Each structure stands twice: as C-alpha cells, then as structure tokens.
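Please look at the sequence and the structure first.

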Amino acid sequence: MTTTGVPSTTATEPPTTTPGAVQPVLALPPLIALSLGYFLVMLDVTVVNVAIPDIRVSLGAGSSALQWIVDGYSTVFAGLLLLGGGFADRLGHRRMFLVGLGVFTAASLACALAGSPGTLIAGRLAQGAGAALLVPASLALLQATYPDRALRARAIAIWGAVASVAFGAGPAVGGLLVSGSDWRSVFWLNLPVGALAVHLTLRHIPASARKPAARRMDPLGQVLGIIGLVGLAGGLNEAGTHGWASPLVLSAFAVGVVALVAFALVERTLEYRGASGRTDRAPLLPPSVFRSRAFTSTAAIGLLISLGYYGMLFLTTLYFQQERGFSVLTTGLALLPSVCMGLVAAPLFGRLAARTGPYVPMAAGLVLGTAGFLGWLLAGPHTAYPVLLFALIATGLGQTMTALAATAAIIEAAPASGAGIASAVFNVSRQVGSTVGVALFGTFAAASADFTSGLRLSAGLAAAAFATGALLALSVRRRAAAPTPDSA
C-alpha cells in the first residue's frame, strides 16, 4: 500500500479463488437492492426525453424550461457527487444510500404531481441530488458486501448490466408509458421501485458500525467543489444551445474553473497541514489519492469512454432521426444493438475479470470500441443499416465492458475508508466526459458543411479517445505486472 492510502498493487492481485475450490455463492438480495438504486438513476437520464413534447403542452413550458428539465438532473448529479461520496465515507454507506433513495423517490413524487414548469424543474434537481448521494454509496457497499474478487466481479457485472439496460430501455419505456397514460407516469414508475430498493436494503444490507470521526469536515472544500462542478457542467450543457462563446457559457466556465482551482488549493493545504498536525480538518478529496497511477489512469479512462461513447450516441440519434428520417420508436430500435450490450458484456466481463483482474477486459473493450467508432466513418445519408451494425455492436460492447472493468478497478484501488469518495471521483469523471462529448460533438455537427462530415469527425475523435484509454490501461497493466526489486 502506498503512503497515499490507495493501494497500488491491487491490479496484480491474483484471483482469490483457486482451481477446484468451491465457488462462493453470490448473495442476490443485497445486489438487487443496489442494482435497483442504480437502475433508477440511469433510467431517469433518458426516460424523460420522450415525454418532453407532452410536458410542453401540459405545463406550457418554454424551451429554456424544457432544457433544464432534461439537463438540470445531470448538472446537479455531477455537482454533488463529491459531497455525496464524502458524506457516505463519513456518515455510513448504507445510511447515505437510503437517504439518497429517499430523496430520489420523494423528488419523483414531486415531479409526478408538478403543476408548473418551475415545480418540475425543482423536482428534477432534487432527483439529481438524490442520485449523487446514492451512487457513491452503492459502489462502496458493493466493495464491502462482496470482498472476494471473483464474486465482486460477478456482482459488478450484474449491477452494471442492470444500469445499461435501464439507460438503453429509457426511451422505449418512456414511449410506452406516455402513450399508455401521460408524461407523469414516467415519474410514478420510480415510486414502487424506490420503495422495493429501500425494503431490500433495510432487510439484507447490514449497517456498518459508525466510527467517530477523528477529524472535522471540510465545508469550504465542499462549497467550492459544488460551485466548480455545477459551473462546469452547466456551462457544457448550455454550450450546445447558446454556443461556446456566449457570455452565459463563458461566465459559467469562468466560475467553474476558478472554484475548482480554489478547491484544489484548499484540499492541498488541508492535507499538508493535517499531516503536520496543524489542523483537525480532513480534506474532502485528498490530492495524494491521485499519486496512485492505477486510480488516476482509471478515472481518466472513465472520462475518455464517456466522452467518446455518449457524444457519439447523441449524434447517432440525430443521424437516424434527421438524416434518415426514422421515427422516435424506430430510432430507439435501431440503437438497441449498442445500448443493450450490457446483457452480453456482463457475463463476459464476469468470467474474464475473475481470472485476469480488470485491466485485461478493460483494454480489450477499449480496442473493440476504437474499431467500432472507425466503423462509423462508413456512415452516409443513405448507408444501409446492416453496414452500421458492426459499429453499433462494437461501440456498445466495448464501452460497457470498459465501464464495468473500470468500476471494478476503482473499487479495488480504493481503501474501505475512502470507497465513497473514490467512486465519486470516478463518476464525476464520467459525467464530465459525457457532457463534454455531447456538447463538443454537437458543435462539430452544427459547424460542419453537412451533418455526415461532423459525424465522421466526431467518430474519429471518439476512436482516438478510446485508443488513448487502451494505451493507459495497457500501461497500468504492464507496470503492475513488472517485477519489483523485492521480488526479483
């Protein structure tokens, strides 16, 4: 273990099971509880989009209000993740998971009952806050509930597959609910799912013993972190609508960057003063965690895969609808080979990771994704759909495999006492990557001579992002496999 408190050798740990040994049994009730929580978070990223036309008519919402109904959720989610991770480590992972579920479910009820655009926006913002509290705690509970590496790989595979299916099925589920009832039904759905997750958590996930905090909290760091991340995420969301050079976007970026720089300085000062005994405040995010190459590289890979995949997913949705004239339902069906690859990636990852650790399937997924994005270079206004199937399948399978492997790597690299903040850092990197990808690739499509040219340029950049991630994964794997002076 390094002096930073983040293990540097976990990437090379041999599997904890041996050939011929009795395989440990995967306890399903805790996994179902944790998976349901993440299911809700991922479903509400996409399920609301198809309800927007009905919301506009029902509530008389303008374009700005509709944008915040969609983007406000992800903005607050990204902005509060570090706070949620810090609270989970300090106050208890199960406690914060339940609080997050409670906030998310109550916010869904507020959304379902909303009578005005402002009320609905407030509910969506509260949903983002609940998601930010429960996701880091969910990953930390996975680490604690499944300490065996092989068992944890299987648990992460199922947990990630459920999230992948939720994200991919969001438009279809939303379409069915809206057509069968109205837009409020997409929020009513969350209530029984949230209640079941709370019940299973209380019954099957034990509360860890709460240890008295040795050091006080870091309120300045928390405030600066929230302002910085919300400013950055908000600026990226607005860039797609107002343009990168608009005063609103530039102001949001300026506030975000200044706050994040101040946050880094505060955290560095607190960690230094704490080590020398001159303060009893613990930094929200100790900068020393980034000295672990495995941790830092995996967080960077999370950003790269989200930038490439979700940026291209945004463009491919526009490609099928605008360039090819597909309906919303037909577009959703056309994207299924990509967004539902979790059903294939989950068992494949579980078997590989149990034998090799996370970095082999991570590198394989990144290489496959790189090839898939290059396949989009064949896309044109009249390209036959079967020609695009390889690109759809390879990018979906590669992204999901990499995301599952990176999640496992982050959990392994995090100490039990800092699992919440470590998973929060990883999820922040993924949220920022996704928002950057959508805003950047959307700009390319709008600024190019034609949509296809922008799509191809974006595909090339997505391939470069995945290829860079593959080099990072291989570098960490090679470094971890190299013999140390003690073992030589």
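Is Asp44 buried or exposed? Asp44 is buried, with a relative accessible area of 0%; buried means under 20%, exposed over 50% and partly exposed in between, using a 1.4 Å probe and protein chains only. The model is predicted, so local features need pLDDT of at least 70 and side-chain atom pairs count only at pLDDT 80 or more, while totals for chains, interfaces and linings use all residues. Residues are numbered from 1 along each chain as its sequence is written, and side-chain values use heavy atoms, leaving out hydrogens and water.

**Salt bridges**
- The whole structure has 2 salt bridges (a side-chain nitrogen of Lys or Arg within 4 Å of a carboxyl oxygen of Asp or Glu).
- Arg124 pairs with Asp44, with the closest N and O atoms 3.7 Å apart.
- Arg124 lies in helix α5 and Asp44 in helix α1 (residues 28–46), so this pair ties together parts 80 residues apart in sequence.
- Glu412 forms a salt bridge with Arg152, and both residues are buried.

**Nonpolar cores**
- The largest nonpolar core has 137 residues, and Ile55 and Trp376 are among those with the most contacts inside it.
- A second, separate core has 5 residues, including Leu236 and Phe253.
- A core is a set of buried Ala, Val, Leu, Ile, Met, Phe, Trp, Tyr and Cys residues joined through side-chain atoms within 4.5 Å.

**Partly exposed residue**
- Ile158 is found in helix α6 (residues 149–180) and counts as partly exposed, at 35% relative accessibility.
- Helices are DSSP runs (H or I, at least four residues), numbered from the N terminus.

Conventions: Helix = DSSP H or I, 4+ residues; strand = E, 2+ residues; numbered from the N terminus.
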